[in-house]
Amino acid sequence: MNVGSADLQQDFYALFSLPRSFQLDSAALDSRYRELQNQVHPDKFAHLSDTERRLSVQWATRVNEAYQTLRSPLARGRYLLSLHGVDTQEETNTAMPVDFLMQQMELREALEEARQSKEMAALDELEARVKQMIGALQQQLALALDEQRDDAAAAGIVRKLKFMEKIAEEIGAAFDELDS
Amino acid sequence: MALLQISEPGLSAAPHQHRLAVGIDLGTTNSLVATVRNGISVVLNDDAGAALLPSVVRYLADGSVVAGEAAQAEQSTDPQNTIVSVKRFMGRGLKDIGDAVDLPYRFVDAPGMVQLRTVAGVKSPVEVSAEILKVLRDRAERSLGGALVGAVITVPAYFDDAQRQATKDAARLAGINVLRLLNEPTAAAIAYGLDNASEGVYAVYDLGGGTFDISILKLSRGVFEVLATNGDSALGGDDFDQRIYCWILEKSGLSQLGVNDTRLLLTHARAAKEQLTDNAQTQITAVLGGGELVNVTLTRDEFDAMTQNLLARTLQPTRRALRDAKLSVDEVKGVVMVGGSTRMPQVQRAVAEFFNQTPLTNLDPDKVVALGAAIQANVLAGNRGGDDWLLLDVIPLSLGIETMGGLVEKIMPRNSTIPSARAQEFTTYKDGQAAMSIHVLQGERELVSDCRSLAKFELRGIPPMVAGSARIRVTFQVDADGLLSVSARETNSGVEAAVTVKPAYGLQDDDITRMLQDANQHARDDMLARALREQQTEARQLLEAVDNALAQDGTLLDEASRQRIRASMDGLRAVVDGGDHNAIKRGIEALNQATVSFAQKRMDQSVSRALKGHKMSELEKN
């Protein structure tokens with residue numbers, strides 16, 4: 001396969017020369033990220049002309065964005081769907097399954113309880129549970145995107161993951177709160 | 001007349017001249033300058049052999065300025081005009097300085113940054129810092145025998161945008177070309193990492209005179225990757241002095257001291273703190289202005305007890321940084337100690353206890369930051385191949401904008417690797433809304449009032465639309481110095497507004513010009529000569545760089561493009577040795593313009609090469 005000329009507009013998978021799938025070789029992603037930054041990072045251009053410095057910032061920014069996107073399962077799923085022309089409608093589509101919403105409410109109550117009682121152990125336990133649920137959703141997403149090729153189902157899972165990520169973030173904030 | 005270029009002994013001057021570059025640690029208490037000489041990073045001493053320059057600046061009635069030892073010697077006799085620990089005021093408003101009433105200065109609450117009234121007029125912390133930097137610049141230029149190409153200036157990792165911008169402005173005011181603002185813990189890691197050729201996860205615990213940083217880094221084959229950073233930009237050795245000072249007052253039954261006595265006792269407090277590093281107890285004896293005698297004995301145990309909660313305040317950010325890096329304590333392979341305050345035995349003990357290991361102290365904690373900065377400056381100046389190592393740093397605090405109800409919407413989360421760009425879309429909330437005000441904030445809290453306001457600007461001329469149908473895309477771009485610029489664009493109509501974030505807490509270009517003009521005639525001539533030298537240096541570097549690029553990759557261009565570039569080069573060569581710095585500047589701009597597409601082609605080629613190498617190795621594997 002011919003890599004051809006690199007350009008700033010190519011998609012993130014092409015930028016890293018990785019196959020367009022949800023499951024990816026994270027070791028390859030890491031090492032290519034470093035190789036690319038080694039070529040384009042502003043530190044390599046600090047002594048060169050304004051033009052070259054500007055270009056380097058653009059490229060390094062793009063490579064960072066691509067890496068952040070592909071490294072995070074949620075962002076990667078969303079991005080892959082956008083390449084398929086599917087909008088995940090995370091802000092607009094609120095029609096979530098009832099059992100999922102019930103579960104969300106229950107998690108939020110547990111978080112609130114842990115926060116009120118200032119119990120580190122309860123927070124640890126909740127974090128582990130959420131982590132496990134996120135892992136399960138990621139497996140479902142891999143199945144929907146790479147095996148079943150069911151983009152509609154995948155978009156639904158991405159929306160669920162977004163909820164879970166929000167909870168995980170709030171658990172992090174609660175840890176900070178307990179620590180101050 | 002052409003300037004002579006001096007090369008290192010043993011190295012030929014052409015084609016790659018050694019470019020004089022330094023690393024500067026602009027510290028709260030002391031500042032240092034270092035450079036790489038014959039491949040080794042060394043701190044440059046002053047004529048008396050001292051490496052550390054006290055970060056103290058004294059203003060005199062005749063307008064002259066003294067910085068360093070001489071200024072420090074007068075801090076108790078002339079406290080109002082002798083500014084110590086000015087770093088604490090960089091990019092800060094009066095309300096940010098919690099202990100302002102305890103300090104001997106006459107603060108002026110200016111919009112943006114606090115200022116100080118001295119006998120020589122009102123001075124901003126940027127101007128005060130510039131005085132320190134000027135001394136270091138002169139020291140370096142005399143020691144190295146030539147004008148500097150530039151410097152890497154270190155800042156606490158936890159410095160926000162306003163503090164970074166203020167630091168960069170101070171350097172500019174001191175006539176220093178800033179190659180990069182580098183985070184202090186990262187600089188220390190470079191000095192250690194290259195020394196020890198280590199791999200794995202390291203924590204850098206950096207307790208300076210006025211700031212605390214903790215950085216978690218991953219070192220692997222030539223890459224320094226900052227995973228997370230945290231800290232407190234208002235916590236340092238000064239707070240330990242302050243504890244002792246308060247204890248002295250209490251013990252001696254004193255209250256409400258004058259500025260001279262305050263400064264005198266703070267000086268004694270610091271001396272006592274240093275004594276307790278090697279002694280179990282120390283005697284504090286001083287005679288105050290009114291003749292009162294202070295005579296107390298402080299033991300190390302008492303000192304430990306009164307500073308326990310300061311130590312706790314360093315461990316809290318440490319836990320957060322580890323959590324952000326998704327690592328546990330036992331995954332940390334080594335802990336590097338940085339900053340003079342880490343000499344205190346209770347600090348070393350607390351850190352050892354927290355990490356379950358003895359922290360590394362084999363490099364001088366006062367010098368390690370400057371040494372690392374010098375190594376990076378040498379690379380950035382182009383003195384090495386550049387493929388030796390890669391440094392990936394992060395922003396310390398989240399960046400966002402104000403939304404309805406005084407809430408902050410985060411656009412770029414903390415610990416994002418820089419350079420970085422993030423965009424988010426917003427919309428109007430009223431029918432026919434023609435303008436949108438964009439308020440840029442930095443911090444982790446949800447409420448606008450709890451975060452630092454960095455800038456406000458307006459996007460005007462939005463065409464009339466129904467509420468909710470405008471699409472306003474706000475883009476944050478953070479460069480490799482960690483400095484932010486923000487732009488907003490209505491995507492349906494293409495209306496645009498942009499701001500480099502520096503109005504609220506930084507200096508405008510006009511301010512810098514004014515400050516430069518404030519300097520006396522002699523200094524101004526000096527400045528002009530310097531500006532010319534800098535333009536000439538830049539022009540020669542550019543010519544050399546383009547020459548090399550043409551030699552390497554000239555085949556990427558057609559004959560006409562090559563001719564055009566050569567014509568621009570000839571144009572610049574014709575003026576470079578003349579005395580007209582504007583003509584040189586125009587020549588540099590023209591050559592930059594002429595090489596835009598060439599630079600793009602070269603970049604594309606090197607990216608393709610990076611990936612191509614991969615493809616081949618994979619094919620062989622399969």
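Modeller: Let's start in a loop: Lys326(B) sits between α7 and β18 of chain B. Keep in mind that this is a predicted model.

Colleague: Where in chain A is Arg149(A), and why does it count as exposed?

Modeller: Arg149(A) is in the loop between α6 (120-147) and α7 (151-178) of chain A. Its count is 10 C-beta neighbours inside 10 Å, and the limit is 12, so exposed it is. Phi of Arg149(A) is positive too, near 50°.

Colleague: And Glu250(B), why is that one called exposed?

Modeller: Glu250(B) belongs to helix α5 (residues 237-252) of chain B. With 11 other C-beta atoms within 10 Å, Glu250(B) falls under the exposed label, because that label covers 12 or fewer. Along the chain, Gly400(B) is 150 residues away from Glu250(B), and 45 Å separate their C-alpha atoms.

Colleague: What makes the peptide bond between Ile418(B) and Pro419(B) cis?

Modeller: Its omega, which is about 0°. Pro419(B) is found in the loop between β21 (407-412) and β22 of chain B.

Colleague: How do you know that β5 and β7 of chain B are paired?

Modeller: Pairing takes at least two bridges. Strand β5 (residues 56-59) and β7(B) share 3, in the antiparallel sense, so they qualify. For instance, Val57(B) has Ile83(B) as its bridge partner in β7(B).

Colleague: How does the reach of α2(B) compare with what's expected?

Modeller: The 20 residues of α2(B) reach 28 Å from first C-alpha to last, close to the 28 Å expected at 1.5 Å a residue.

Colleague: What order do the strands take in the 5-strand sheet of chain B?

Modeller: That open sheet goes β18-β13-β14-β15-β19, and its pairing is mixed. Its edge strands are β18 (334-338) and β19 of chain B.

Colleague: How do you know that β14 and β15 of chain B pair?

Modeller: There are 9 bridges between them, in the antiparallel sense, and the cut-off is at least two, so they count as paired. Ser220(B), for example, has Val223(B) as its bridge partner in β15(B).

Colleague: Last one: how many residues do chains A and B bring to their contact?

Modeller: 40 residues of chain B are in contact with 37 residues of chain A. On the chain B side, α14(B) gives the largest share, 13 residues. The residues on that side divide into 19 nonpolar, 12 polar and 9 charged.

Definitions and conventions. Residues are numbered from 1 along each chain as its sequence is written. Chains are lettered from A and ligands numbered from 1 in the order in which they are written. This is a predicted model: local features need pLDDT of at least 70, side-chain atom pairs count only at pLDDT 80 or more; totals for chains, interfaces and linings use all residues. Two residues are in contact if their C-beta atoms, placed from the backbone, lie within 7 Å. Helices (H or I, at least four residues) and strands (E, at least two) are DSSP runs, numbered from the N terminus. Ala, Val, Leu, Ile, Met, Phe, Trp, Tyr, Cys and Pro count as nonpolar, Asp, Glu, Lys and Arg as charged, and the others, Gly among them, as polar. The expected span of a helix is 1.5 Å times one less than its number of residues. A residue is buried if 20 or more other C-beta atoms lie within 10 Å of its own, exposed if 12 or fewer, and partly exposed in between; C-beta atoms are placed from the backbone.
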